[in-house]
Amino acid sequence: MSTSAGGAIFKSVLVALLLTLLPLPSWLAVARPDFLVLVVFYWAIQTPRSAGIGLGWVCGLLLDAFQGPVLGEHALAVALVAYLGVREHQRIRTKPLMQQSLVVLAVLALYQFVLWAIDGWSGHPLTTPLRWIPAFTGALVWTPLAGALARTYRPRT
Amino acid sequence: MAGFGTRSGSPYSRGGGSPGFRFTLYALASIVIMVLDQRMDVLERARYVLQTLTYPVEVAVNAPVAGWHWLQRSFASRATLEAENRSLRTRMRTLEVRTLRFDALARQNAALLGLKHAVPPAAERWLPADIVDIELGRLRQRVLIDRGTRNGVFRNQAVLDDYGVVGQTMHVGPWSADVLLITDPEHDLPVQIARTGFRTIAVGTGDPNALALPYLPANADVKVGDELVTSGLGGIFPAGYPVARITQIHRGAIQRMSQVIAQPFAHLQTDRAVMLLWFRPGSPAAPVPPNLRQLPTGTPGAQPLAPPPPPTPPLCTPPPTARPTAGAATSTASPGTPAAHPPLKPSPSPPRTP
């Protein structure tokens, strides 16, 4: 079971990273959901034993390596997302998908807030309101994304 | 996969402790990394390695786009190619005719200034670089180029395109480098209004079509249509390169500063290739080398009295098209003195306009 979970996690993380880096026209890139964060959150809820805070931290570092103005910024924010997922996984995963996306909206808003705060403290401020859009688009794509991820691997619970 | 977490035990009693405990550990690790990264020199090596490791992935992600462009090029029709060829030839002819008189003008300029030799242009070497199309941070104005330390690229190197200043390099790896565009909110560019010689700073807005000039007093002599050129201060960009054209000026009745917006000349959104620039260190138009920034220079008025350097050919030109009015008094020595060598401006940031 765990190898299959590991394989599914690895592949989904890879695909999410590619989707994050893929060049898009600027109006579309602004609305691009944080796929990697969503994937980490999904696995934190579904398989809190095999994918948790460590996975989140590693994925965050990956994001930092490609996109972060400061190393460690995304690592902290994604680890926080994973921590919330692991801690509340039983409460969240029993909810219907529509309610889950509301939770996702709150979590992504928190994620953006952490990034926004660290951006400000480290001297790389990005204060435009456009930065909050991905939280909403992320909540919108949660339902299809969770559906797609559920087909890759279903944990025995 | 081993790094992804422990896999045994119930969710609440794992080897690594409770989720809260583990999160605290990871958070502390992140904060340590952030603090180290803020002190540039500590993680410089790690950044170099990261730039090396990420480059293959970035090239792979860019591959479909690059392939598409390649396909488009391969199947371009003969008519398109001919039209492009024709326009390029016209452009080349125009440029050639313009450069025909360049040497003569430079000599004439030197003669007018009382110098024996024409000053060589500031740019010494150029290197074209292709832009690797990839997302380097949402809403941040950055691009990746396919040249790195193997090509001699260094940190904070000036990057230009055919039309004007593009930005400067940030993290440089062996084969790639991040370029911070002049429109990034973090980028400040010391500029000069070409018509008046007035020096100020152009700040990025995050919008690829706009630079802001927030430090212009309300009574400054600025007009819509004024051209901005680099002022040569700040240690990165040589003087005299075109930057932007002023498009909007808003003067409020009660505001002490005017809100001025300029549109960059460089085609920041559509560029597929840029030029990296090496400047001649001795040239007066070249920016002040970084090691000179640390020199104690005392009062600005005392600077012209500094002993002249050993008999190098006298190098001096005034800032291009600057008239000896507003800004001229603030920094460089007067153009007539042959003893003046590259202006020893100590501060990396130019004066915030009197």
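Reader: To begin with chain B, how many strands make up the closed barrel, and in what order do they run?
Author: This is a predicted model. In chain B, 6 strands close into a barrel in the order β6-β7-β8-β11-β10-β9, and their pairing is antiparallel.

Reader: How many bridges pair β10 with β11 of chain B?
Author: Strand β10 (residues 242–250) and strand β11 (residues 259–264) of chain B are paired over 6 bridges, in the antiparallel sense. B:Ala244 has B:Pro264 of β11(B) opposite.

Reader: What is the overall secondary structure of chain B?
Author: Chain B comes to 4 helices and 12 strands. Of its 354 residues, 33% count as buried. Among contacts in chain B between residues at least 6 apart in sequence, 64% join residues at least 24 apart.

Reader: Into which domains is chain B divided?
Author: Domain 1 covers 16–100, and domain 2 is made up of 122–287 + 319–330 + 343–354. Contacts between the two involve 10 residues of domain 1 and 10 residues of domain 2 of chain B. On the domain 1 side, the residues touching domain 2 of chain B are 5 nonpolar, 3 polar and 2 charged.

Reader: Turning to strand β4 of chain B, how many of its residues are buried?
Author: For strand β4 (residues 165–172) of chain B the count is 8 of the 8, so the strand is largely enclosed by the rest of the structure.

Reader: Which strands does β4(B) pair with?
Author: Strand β3 (residues 158–160) of chain B is joined to β4(B) by 3 bridges, and the two run antiparallel. In that pairing B:Ala158 stands opposite B:Gln168. Strand β5 (residues 177–181) of chain B is joined to β4(B) by 4 bridges, also in an antiparallel arrangement. There, B:Val172 has B:Ala177 as its bridge partner.

Reader: Where is B:Asn156 found?
Author: B:Asn156 belongs to the loop between β2 (142–145) and β3 of chain B. Its phi is near 60°, a positive value in a residue other than glycine. For context, most residues other than glycine have a negative phi.

Reader: Why does B:Asn156 count as partly exposed?
Author: Because B:Asn156 has 15 C-beta neighbours inside 10 Å, whereas a buried residue would need 20 or more and an exposed one 12 or fewer.

Reader: Now B:Met275: what is it in contact with, beyond its sequence neighbours?
Author: Leaving aside neighbours within four places in sequence, B:Met275 is in contact with B:Trp126, B:Leu127, B:Pro128, B:Leu160 and B:Asp161. B:Met275 lies in strand β12 (residues 273–279) of chain B. With 15 other C-beta atoms within 10 Å, B:Met275 is partly exposed.

Reader: A change of topic: which residues of helix α1 of chain B are buried?
Author: They are B:Pro19, B:Arg22, B:Phe23, B:Tyr26, B:Ser30, B:Ile33, B:Met34 and B:Asp37. These residues cover an arc of only 115° around the axis, which puts them on the same side of α1(B). B:Gly20, B:Phe21, B:Leu28 and B:Val32 are exposed on the other side.

Reader: What covers the buried residues of α1(B)?
Author: The cover includes α4 (53–67) and α5 (73–87) of chain A.

Reader: How many residues of each chain are in contact?
Author: 43 residues of chain A are in contact with 35 residues of chain B. On the chain A side, α1 (2–21), α2 (26–30), α4 and α5 each supply at least two residues. α4(A) gives the largest share, 8 residues. By class, that side of chain A has 27 nonpolar, 11 polar and 5 charged residues.

Reader: Finally, is α4 of chain B covered or hardly covered?
Author: α4(B) is hardly covered, as the count of buried residues among its 12 residues is 0. Helix α4 (residues 102–113) of chain B reaches 16 Å from its first C-alpha to its last, close to the 16 Å expected at 1.5 Å a residue. Just after α4(B), B:Gly114 has a positive phi of about 80°.

Notes:
Residues numbered from 1 in each chain as written. Chains lettered and ligands numbered in written order. Predicted model: local features only at pLDDT ≥ 70, side-chain atom pairs only at ≥ 80, totals over all residues. Arc of directions from axis to C-beta. Contact = placed C-beta atoms within 7 Å. Nonpolar A, V, L, I, M, F, W, Y, C, P; charged D, E, K, R; others polar. Domains from an automatic or database assignment. Pairing = 2+ DSSP bridges. Expected span 1.5 Å × (residues − 1).
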